[in-house]
Amino acid sequence: MAIVSPYEQYEMTKVLSSSPLERVILLYRRSIALLDRSIDALDSDDLIAFSENISKTCKIIEYLLSVLDIERGGIVAENLAKLYDYSLFTLTTSNINRDREGILAVKNILTGLLEAWEEIKKDE
């Protein structure tokens with residue numbers, strides 16, 4: 001069983017106690033931070049941390065994909081699903097090939113989506 005740090009426990013509590021929109025924003029922020037950590041790990045040749053951070057990011061994206069409501073979300077949800085699928089594929093191949101460019105491409109996608117969700121939150 002994995003040991004959960006106090007910081008990770010705090011982050012989990014924050015995510016679980018937030019509104020759905022806040023939860024999405026927190027998950028995007030966490031994913032971007034994990035991708036930054038994976039790049040740092042790649043630079044320092046820490047392949048275990050590199051792979052673990054990518055795996056954690058993939059789990060978050062898989063969760064975001066699983067909670068999409070295609071019926072109510074229509075084309076926006078469909079397009080998000082395509083972006084999530086692309087991101088998962090790119091991260092998986094980047095993990096195998098130690099590909100910085102793929103990680104940066106996904107980080108750019110998530111950053112753009114984060115900015116859009118934050119704009120929606122401002123307009124609430």
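**View A. Aspartate 45 and the end of helix H2.** Just after H2, aspartate 45 adopts a positive phi of about 60 degrees. H2 counts 24 residues and reaches 35 Å from its first C-alpha to its last, close to the 34 Å expected at 1.5 Å a residue (the expected span is 1.5 Å times one less than the number of residues). Helices are DSSP runs of H or I with at least four residues, numbered from the N terminus. The model is predicted: local features need pLDDT of at least 70 and side-chain atom pairs pLDDT 80 or more, while totals for chains, interfaces and linings use all residues. Residues are numbered from 1 along each chain as its sequence is written, and side-chain values use heavy atoms, without hydrogens and water.

**View B. Packing of H2 against H5.** Helix H2 (residues 20-43) packs on helix H5 (residues 100-122) at an angle of about 155 degrees, with the axes 9 Å apart (axes are lines fitted to C-alpha atoms over the stretch in contact; angles run from 0 to 180 degrees between N-to-C directions). H2 and H5 are therefore roughly antiparallel (angles over 145 degrees). The contact of H2 with H5 has 16 nonpolar, three polar and eight charged residues (nonpolar: Ala, Val, Leu, Ile, Met, Phe, Trp, Tyr, Cys and Pro; charged: Asp, Glu, Lys and Arg; polar: the others, Gly among them).

**View C. The second largest pocket.** About 420 Å³ of space lies in this second largest pocket. Val24, Val67, Leu68, Asp69 and Trp117 are the closest to its centre of the 18 lining residues (on a 1 Å grid, a pocket is an open set of points where a 1.4 Å probe fits, with protein on both sides within 12 Å along at least five of seven lines; lining residues have an atom within 4 Å of a point). H2, helix H3 (47-66) and helix H4 (70-97) each supply at least two residues of the lining.

Methods: Angles under 35 degrees count as roughly parallel, over 145 as roughly antiparallel, 65 to 115 as roughly perpendicular and the rest as oblique. Grid points are joined across faces, edges and corners, and a volume is the space filled by probe spheres set on the points.
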